[in-house]
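Have the structure open as you read.

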Amino acid sequence: MIFDEEINQTIRFMKPSGIRKFFDIAATKKGVVSLGVGEPDFITPWHIREAAIHAIEKGRTFYTGNKGLPVLQEAICDYYRRKFNVTYDPRENVMVTVGGSEGIDVVLRALCQPGDEVILPTPAYVAYAAIIEMAGAKVVEVELKEEERFKLTPEALKAAITEKTKAVILNFPGNPTGGVMSREDYAGIVPILKESGIFAITDEIYAELTYEGKHVSLAEYDEVKDRTVVINGFSKAYSMTGYRIGYILAHKDLIEMFNKVHQYTIMCASTPSQYAAIEAAYNGDDDIEEMFMSFRHRRNYIVKELNRIGLKTHMPEGAFYVFPSVKCSGMSSQEFCEKLLDEENLALVPGDAFGQAGEGYVRISYAYSLEEIKTAIEKLEHFLAVHS
Amino acid sequence: MNELLKLIENNARFEAKDLAACLGEEEDKTLETLERYRKEGIIAGYHTIINWEKADVEISKAIIFVSCVPERVAGYDKIAERISRYPEVESLYLISGKAEFLLQVNGKNMREVSNFVAHKLAPTEGVNGTETMFVLKEYKKYGVSFFEETGEGERLLVTP
């Protein structure tokens with residue numbers, strides 16, 4: 001490309017997202033059935049949509065303070081106290097961001113310096129590694145294993161920590177694996193975090209989709225709370241992906257630093273969307289419950305069906321993905337997904353899009369109606385029969 | 001909340017084995033529960049929601065307030081039972097306010113509905129007044145909006 005020598009060399013050599021590539025192929029085909037989407041299928045509940053409309057009608061369309069509307073900051077703190085038993089001060093510890101995505105970017109840019117290492121358990125959501133690199137730090141991958149139900153073990157974490165380690169990224173419930181960290185699991189890693197003094201960036205965007213017991217936030221542990229940065233948002237819990245409202249919860253000194261990056265980059269999150277988020281936080285508990293039940297039914301259904309058609313799948317404990325191995329097919333993840341799309345018109349996401357540790361797996365999203373899932377299973381069953 | 005009932009409310013065409021998979025229970029147990037619900041009248045029927053206007057089928061529908069005098073002992077239930085027997089009556093509610101009952105009545109056309117009110121409903125024992133409002137257009141029925149939601153088709157095919 002003609003600007004290769006001139007542009008930022010980190011960007012030049014950055015791999016485009018494996019998902020993007022797959023999307024481009026799928027988009028050229030007609031009648032594609034997809035279980036490839038990483039967002040809930042529910043249309044945002046009407047009372048939340050109405051709150052955004054109302055804000056626009058009333059002319060509430062000016063910039064807000066950098067860290068977000070005070071009422072929203074309060075609503076977020078109230079939510080974390082109510083749901084996860086974690087206390088934060090609305091004036092000092094919260095910053096509203098443009099989705100969880102901006103939160104990840106701001107936090108990593110504010111924390112990382114050249115030479116730093118960031119531990120990333122993989123398979124992982126596609127943005128982390130790219131942003132760590134853009135922030136000038138080095139990605140240190142730790143493989144999450146299927147036989148350990150895709151949890152981060154104390155041994156693996158300990159082995160990855162060096163003098164250069166700045167932070168570890170935790171994403172539980174996780175995309176793409178559906179892995180969850182329980183209280184027992186955290187009991188193993190919290191002492192290591194405390195002793196090493198590294199930052200823990202915990203992306204809890206799928207917190208509401210925890211199927212066995214309640215979500216445990218790392219911020220609950222006082223001994224590591226000062227060095228814990230929580231990233232969350234409204235996208236997955238309330239089916240509000242397009243509104244782009246996320247938030248960071250952290251020590252006040254960190255929030256001040258994050259806010260420096262945030263204020264010069266985007267000023268503030270969308271104002272009407274912030275009003276919608278206030279409505280969601282205060283009056284959306286029933287919506288969460290309804291969607292949660294739907295997701296649990298779909299999870300149970302898809303896991304049973306996948307096992308029935310011969311794709312060994314363990315029951316994920318969170319999020320809305322299953323991450324089965326396709327090694328039995330003798331194909332690589334890419335090959336499997338490309339053939340499946342080509343022959344059956346069914347789009348899944350190859351596991352290696354989430355890091356090398358995902359090779360041999362595919363990510364199947366069940367953020368679809370039961371009818372759609374049923375159709376997709378029939379296609380997959382046919383595909384497996386042809387290729388066995 | 002009963003999860004099986006919630007599930008079939010939205011997935012009426014799902015077979016017992018699929019429902020069982022969703023709930024993580026054995027098919028036999030689901031079948032048994034469904035059977036019991038049918039017997040006990042908890043599952044009172046299966047309906048298809050039809051937008052008749054879109055199908056270009058003419059039907060006439062009216063909302064009717066019915067005033068009446070309650071009977072000794074039986075109260076309003078006896079009259080309600082009498083009214084409910086007419087196949088023209090789609091729904092029947094006892095209500096608070098200016099009348100005792102609210103009915104939805106279906107007919108092939110306006111004349112059929114008018115005849116029903118004049119010759120059957122009004123002369124029913126215990127009924128002492130009716131007020132009929134013809135429906136001009138249906139916008140939402142049984143929780144299903146006849147307005148097309150555009151959101152659904154706009155999700156991308158593959159996203160992170």
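How far apart do the C-alpha centres of domain 1 of chain A and domain 2 of chain A lie? They lie 25 Å apart.

## Ground rules

This is a predicted model, so local features need pLDDT of at least 70 and side-chain atom pairs count only at pLDDT 80 or more, while totals for chains, interfaces and linings use all residues. Residues are numbered from 1 along each chain as its sequence is written, and chains are lettered from A and ligands numbered from 1 in the order in which they are written.

## Chain A overall

Chain A carries 14 helices and 12 strands, where helices (H or I, at least four residues) and strands (E, at least two) are DSSP runs numbered from the N terminus.

Of the 388 residues of chain A, 50% count as buried; buried here is 20 or more other C-beta atoms within 10 Å of a residue's own, exposed is 12 or fewer, and partly exposed is in between, with C-beta atoms placed from the backbone.

As for contacts (C-beta atoms, placed from the backbone, within 7 Å), take those in chain A between residues at least 6 apart in sequence: 75% of them join residues at least 24 apart.

## The two domains of chain A

Domain 1 of chain A is written as 9-44 + 286-386, and domain 2 covers 46-283. These bounds come from an automatic or database domain assignment. Across the boundary, 33 residues of domain 1 of chain A are in contact with 37 residues of domain 2 of chain A.

On the domain 1 side of that contact, helix 12 (285-308) and strand 9 (321-322) of chain A each supply at least two residues. Helix 12 of chain A has the largest share, seven residues. By type, this domain 1 side splits into 17 nonpolar, 10 polar and six charged residues. Nonpolar means Ala, Val, Leu, Ile, Met, Phe, Trp, Tyr, Cys and Pro; charged means Asp, Glu, Lys and Arg; the others, Gly among them, are polar.

## A closer look at helix 8 of chain A

Helix 8 of chain A (residues 183-196) has 14 residues, which at 1.5 Å a residue should span 20 Å; the end C-alpha atoms are 20 Å apart, so the two agree. The expected span is 1.5 Å times one less than the number of residues. There is a bend of about 30° at Ile189(A), and a proline, Pro191(A), follows within four residues. The bend is the angle between axes fitted to the seven residues ending at a residue and the seven starting there.

Which residues of helix 8 of chain A are buried? They are Tyr186(A), Ile189(A) and Leu193(A). An α-helix has 3.6 residues a turn, so residues three or four places apart point the same way. The buried residues of helix 8 pack against helix 7 (154-160), strand 6 (199-203) and helix 9 (222-225) of chain A. Just after helix 8, Gly197(A) takes a positive phi of about 70°.

## Chain B overall

Chain B has five helices and six strands, running α-α-α-β-α-β-β-α-β-β-β from the N terminus on. Its radius of gyration is 21 Å, well over the 15 Å that the globule rule gives for 160 residues, so chain B is more spread out than a compact globule. The C-alpha trace of chain B spans about 60 × 40 × 25 Å along its principal axes.

Buried residues make up 16% of the 160 residues in chain B. Domain 1 of chain B is 3-39 and domain 2 is 60-137, with their C-alpha centres 35 Å apart.

## Where the chains meet

The contact takes 19 residues from chain B and 25 residues from chain A. Helix 1 (3-10) and helix 2 (16-23) of chain B each supply at least two residues of the chain B side, and helix 2 of chain B gives the most, with four residues. That chain B side divides into nine nonpolar, four polar and six charged residues.

Note on methods: Contact = placed C-beta atoms within 7 Å. Rg over C-alpha atoms; globule rule 2.2 N^0.38 Å.
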